[in-house]
Amino acid sequence: MITKVVGKRVERVGILDKVTGKAKYGADLEIPNALILKVYRSPVPHGIVRKIDTSEAAGVDGVVRIFTAKDIPGENLYGIINKDQPVLTGEKVRFEGDPIVLVAAEDEESADRALAALRVEIDELPAVFDPNEALKPEAPSIHEKGNLLFERKIVKGDVEKGFTASDIVIEETYETNMLEHAYIEPEVGVAYRDEDGCVVVLVTTQNPHSDHAQLVSILGVEPEKVRVIQTETGGGFGGKLDISVQPFLALAAYHLDRPVRMVYSREESFQATAKRHPLKIRMKTGATRDGKLTAMKAEIIADTGAYGSYGIAVATRAAVHATGPYEVPNVYVESKAVYTNNNWSGAMRGFGVPQIAVAHESQMDKLAESLGFDPITFRMMNAFTTGSVTPTGQTLNASVGIRETLKKIRPYYEQLLREADATQLSGLTGMKYGVGVASMWYGIGNTGHPNPSSAQIEVDHEGNVTLFTGAADIGQGSDTVLVQIAAETLGLPFDKIHLVRADTTLTTDAGATSASRQTYISGRAVYEAALEVRKQLVERAAKVFKVPANLMVCEGGFFFPQYREFQKLSLTDIIRRSLVPGEVIRGEGYFNPETTSLDPETGQGVPYTTYAFASQVSLVEVDLVTGQVGVVKTISAHDVGKAVNPANVEGQIFSGVAMGIGMGLFEQFYPRKTKSLDTYLIPTAMDVPEITPVIVEVPEPTGPFGAKGVGEPALIPTAPAILNAIHHATGWWVNRIPADLETIRGLTSADEMEKSKS
Amino acid sequence: MEEKLGEEIVEISAMVNGTSVVLRTPANRTMLSILREDLHLTGVKEGCGIGECGACTVIMDGKVVNACMVLAPKMDGATITTIEGLGDEENLHPLQKAFIEHGAVQCGFCTPGMILSAKALLDEKPHPTRLEIREGISGNLCRCTGYQQIVDAIESVAEGGMEEGR
Amino acid sequence: MSYPKFRYAVPKTVRDAVEILHAATEKGEKAIVLAGGTDLMVQLREKSLVPDLVVDISRVTSLTKIERMGNEIRIGPLVTHSMLASSDLIREYVGVLSEAARTVGSPQIRNLGTLGGNIVNASPAADTIPALVILDAQLILTGPKGDRTLPITDFFEGPYETVIEADELLTGVIVPLPPPSGRAIFLKLARRKALAIARMNLACMLYYNRQKEVFEWVRLCVGSSTPRPVRMTEAEKILEGQPFTDVVLQKAGQAAAEQMVALSGLRSSTAYKKPVVGDLVIRAVKLAVEKG
């Protein structure tokens with residue numbers, strides 16, 4: 001298919017404002033006369049709130065109002081999947097940082113003084129920080145329903161029979177790290193009541209329509225009394241899916257006759273928002289001597305911390321993806337999300353799949369090594385292909401690009417092996433070089449849940465074309481991609497389309513910017529809307545030319561009857577001749593990919609319509625003396641269906657690799673200890689190597705122009721590829737991330753000890 | 001020596017983006033808050049407040065600094081350039097153009113600081129290697145881009161020369 | 001985040017600065033010295049430091065110089081890490097200090113942070129301190145009664161603790177020119193490759209006599225490993241007079257590790273740091289010898 005806009009590296013929507021500093025993020029909005037909001041948070045991880053004395057704080061100069069749980073007019077409970085989190089807790093605190101009191105003051109200093117003047121008495125309860133401990137009957141109960149939030153089972157075939165039929169079985173335990181999203185923009189927003197009494201919240205978010213629904217419930221008002229508008233958003237990575245400042249802003253704006261502003265400091269952003277679930281994974285994998293996977297059994301425990309957030313989704317995704325992109329006839333997975341008194345874990349780029357990939361990709365390399373296959377060959381022998389059946393019993397019918405990605409990285413793999421050997425010879429004593437491979441699969445969209453998006457396109461009588469989408473662009477580039485899809489479908493130039501996005505009054509629900517779903521699902525909704533508009537335009541044009549509509553051609557923004565291109569009229573010409581002032585042509589688009597809910601006992605079903613696939617190879621250096629590991633080169637091949645904007649796809653790949661390096665090597669959030677970016681280290685430009693992105697396009701029939709998604713897939717293979725490369729360099733298997741200084745040096749020391757004995 | 005040691009309110013006179021600025025302010029503020037709140041230069045971002053993220057990078061007397069690490073009175077007598085002083089849509093600086101061309105921007109929150117670090121680097125070292133570019137922007141954290149398109153953008157300006165933009 | 005309220009003074013001379021500090025101290029006030037601000041601004045934000053008075057010495061121009069005077073280099077405490085990294089004088093005569101300064105924080109932090117600040121803040125992880133220790137640097141402290149000079153190793157009492165009085169100012173760092181035969185190395189070990197606090201750092205200078213095939217002299221200091229910066233004298237003694245062999249190096253590494261544990265006691269980080277100190281010492285000595 002020849003395309004004019006789709007598949008092109010068009011200039012990103014909004015980039016001019018970003019490079020000139022004019023883009024307005026939440027903290028940049030000037031709202032005259034706004035009050036400052038601040039929250040008092042629990043200093044203890046578990047306890048009962050006995051008494052809240054606000055009298056002294058209320059008397060602090062500049063303090064306008066103090067709110068507690070009893071000021072919440074609607075339901076004081078929220079949560080994106082299961083509601084278990086209070087906006088302001090009046091009874092129980094479940095982690096160090098639980099919000100108790102909200103202060104509105106004239107300025108920051110007064111607000112700070114008021115916080116210091118609050119007297120909150122909390123009876124501390126025993127706390128539990130380890131999910132395994134939390135599951136024991138004697139553990140302190142964090143929520144009334146108990147500490148097990150959710151359990152997901154996947155049962156396919158007979159796993160024990162599968163192991164019996166295996167020539168080799170490898171069983172290992174893996175542990176992954178708690179991570180902070182560390183978007184560079186902390187949470188922020190402003191709110192006010194407009195002339196109609198509607199509470200308007202302008203906020204950094206990746207989920208405006210969900211924010212809206214939750215605020216409506218918290219305020220107990222009609223839906224039209226709340227409006228959420230996404231501001232320019234400085235990154236999200238899943239951390240801005242849950243509400244943060246939204247309920248505080250809405251609550252204060254609801255009660256007060258003044259606009260309000262709330263800005264989280266970096267420290268508060270760290271303390272008060274979701275983290276990546278740390279996982280403990282026990283995985284057992286069997287294969288035959290000739291290299292065929294026979295069975296896989298996994299037990300997964302995810303620490304969801306004090307609240308559920310996306311815990312259910314994470315436990316489910318980890319289970320569904322636990323085999324990796326390989327056909328395994330016999331599968332048994334038990335995956336639990338467990339409450340503890342740690343910071344709550346939620347969504348973060350990949351929802352449990354980056355974690356489980358550490359396990360399945362380590363298992364693949366261990367099996368390959370034991371059976372004498374190179375890592376690519378062994379993966380190729382087991383990788384999904386069209387017609388393969390997944391662990392949930394789904395038959396993959398189209399767009400299964402995993403083998404193609406493996407083929408693409410093969411030559412790079414061979415080349416890096418040679419480089420590793422050559423560098424080894426010339427390198428400093430104590431340095432080791434190794435090459436590692438990892439693959440992944442990732443279901444696009446919500447797991448086994450309806451997952452719709454909608455969009456509208458309007459053409460007014462002057463020929464202005466406007467795309468309305470609820471999709472929040474948080475930096476990943478959905479604005480650009482959606483406009484490209486609209487322009488391509490309408491046969492218009494890219495810059496002809498005006499965009500209105502992520503405003504709950506002006507746009508309809510496009511679902512969350514998560515699960516790598518916006519290009520695929522919202523893209524398809526935009527495509528449908530554009531087709532509808534195009535159809536109407538063609539009909540209008542046909543009337544202008546007085547020919548049947550099926551004889552009209554629409555190309556490059558022009559309309560003409562078949563074989564009469566010399567008579568062509570532009571979109572504007574057609575519009576002027578056929579629309580009266582005030583009349584608009586409007587197209588509605590809707591897409592909800594087909595899924596079925598997973599069987600509660602066996603996990604069987606169709607969780608996603610389509611999957612992204614990827615394979616990656618990395619060259620790493622390991623300093624045996626210091627324990628430092630560096631990634632020297634990475635090549636990452638991604639089957640994205642169709643790259644609507646190759647520059648964006650590459651940007652996601654670079655981004656994912658960078659984040660994966662932090663995850664694999666040094667990022668670690670310690671609950672109650674990690675305060676800010678001085679101790680939570682994310683990769684700098686020096687820590688990220690030159691990356692070669694390889695785009696593979698195996699089209700997805702239900703995707704717009706064949707597109708799927710790449711945002712999360714980009715991250716997933718990185719950490720396991722690093723671990724496998726460390727093994728290749730040193731011979732050591734590292735079964736936990738981050739593979740930090742202490743871990744690697746510990747292995748050196750153990751090795752030396754071993755050698756000195758023999 | 002006068003009875004009262006020091007002042008709570010100070011007067012600052014500085015050259016910001018080519019304009020002379022005189023203001024009185026409590027001393028216990030940062031240059032970051034003066035630039036953002038008093039001078040409305042909101043292209044200077046706050047990401048951490050402790051000199052770790054680089055979102056508040058500005059050029060002060062020819063050198064990049066974290067505006068959050070500079071006590072407001074230290075602005076007195078200084079020449080300061082923020083992203084707003086580098087170029088606007090009619091007259092983009094070559095680095096701004098290059099960032100657009102290379103898609104070196106995602107969420108954009110680190111972008112102003114990143115561009116200023118790149119400018120200071122190229123002012124000092126017009127033809128850096130890619131590694132030197134990485135070193136030059138190592139004080140500017142970006143969580144979105146993985147840095148590669150940023151390095152590409154800066155390298156393209158280094159190769160093409162940026163005389164026209166200076 | 002609001003910052004604590006304080007008064008601000010900006011003296012132009014050392015004499016004024018010391019007078020202000022002295023007067024404030026006499027009144028029982030908490031006065032703090034502001035140089036580059038990279039440590040201070042964080043402490044103010046955290047409110048771990050709540051001063052009555054901030055004395056900004058950054059306009060005391062006499063403290064910004066790098067000069068060679070006879071057999072020594074005199075470095076003003078307001079010299080920034082960037083200036084140390086790029087100064088020809090520093091690079092030529094005491095390159096190890098330049099190397100150390102280059103590894104501090106980020107370009108932004110190096111442009112602000114000063115040598116004096118790095119010393120007086122007395123973080124065990126300070127990058128310039130091990131370099132100054134092996135260079136036998138002397139510090140000049142100026143108080144109301146005049147100057148006193150002391151070796152840098154006598155300046156520190158523990159992590160973030162020094163002998164400086166509340167009304168004293170660090171006014172000079174004197175670095176004697178090391179013997180031309182000396183070869184120096186600075187190594188920094190951190191969790192990431194830039195913008196990082198040292199997990200450990202090490203400065204080493206030595207003269208390996210190739211004719212006699214022995215180490216004539218060795219100076220070693222490992223940062224972030226002992227409560228206050230010291231020379232790794234046990235390892236130095238083992239190397240001096242001995243040939244460059246694996247056995248000797250191993251012994252020296254072992255001695256450094258043992259000295260660290262003797263000074264620091266067993267801590268949760270010892271399991272990591274003990275073997276690494278030893279191996280880092282070996283690596284640094286090898287690299288210094290390879291320098292010719």
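Modeller: Two residues are in contact if their C-beta atoms, placed from the backbone, lie within 7 Å. Helices (H or I, at least four residues) and strands (E, at least two) are DSSP runs, numbered from the N terminus. The model is predicted, so local features need pLDDT of at least 70 and side-chain atom pairs count only at pLDDT 80 or more, while totals for chains, interfaces and linings use all residues. Residues are numbered from 1 along each chain as its sequence is written, and chains are lettered from A and ligands numbered from 1 in the order in which they are written.

The part is a pair of helices in chain C: H10, residues 246-264, and H11, residues 270-290. In H10(C), the residues that meet H11(C) include C:Leu249, C:Ala252, C:Ala256 and C:Met260. From H11(C), the partners include C:Lys273, C:Val277, C:Val281 and C:Val285. Sorted by class, this contact has 11 nonpolar, 4 polar and 3 charged residues. Here Ala, Val, Leu, Ile, Met, Phe, Trp, Tyr, Cys and Pro count as nonpolar, Asp, Glu, Lys and Arg as charged, and the others, Gly among them, as polar.

Next comes the geometry. The axes of H10(C) and H11(C) come within 8 Å and cross at roughly 140°. Axes are lines fitted to C-alpha atoms, for helices over the stretch in contact, and angles run from 0 to 180 degrees between N-to-C directions. Angles under 35 degrees count as roughly parallel, over 145 as roughly antiparallel, 65 to 115 as roughly perpendicular, and the rest as oblique. H10(C) and H11(C) are therefore oblique to each other.

Now the surroundings. Chain C is divided into domain 1 (7-56), domain 2 (66-176) and domain 3 (183-290), with bounds from an automatic or database domain assignment. The centres of domains 1 and 3 of chain C, taken over C-alpha atoms, are 37 Å apart.

Chain C also touches chain B, in a contact that takes 30 residues from each of the two chains. On the chain B side, strand E4 (63-66) and helix H4 (130-136) each supply at least two residues. E4(B) gives the most, with 4 residues. That side of chain B divides into 12 nonpolar, 11 polar and 7 charged residues.
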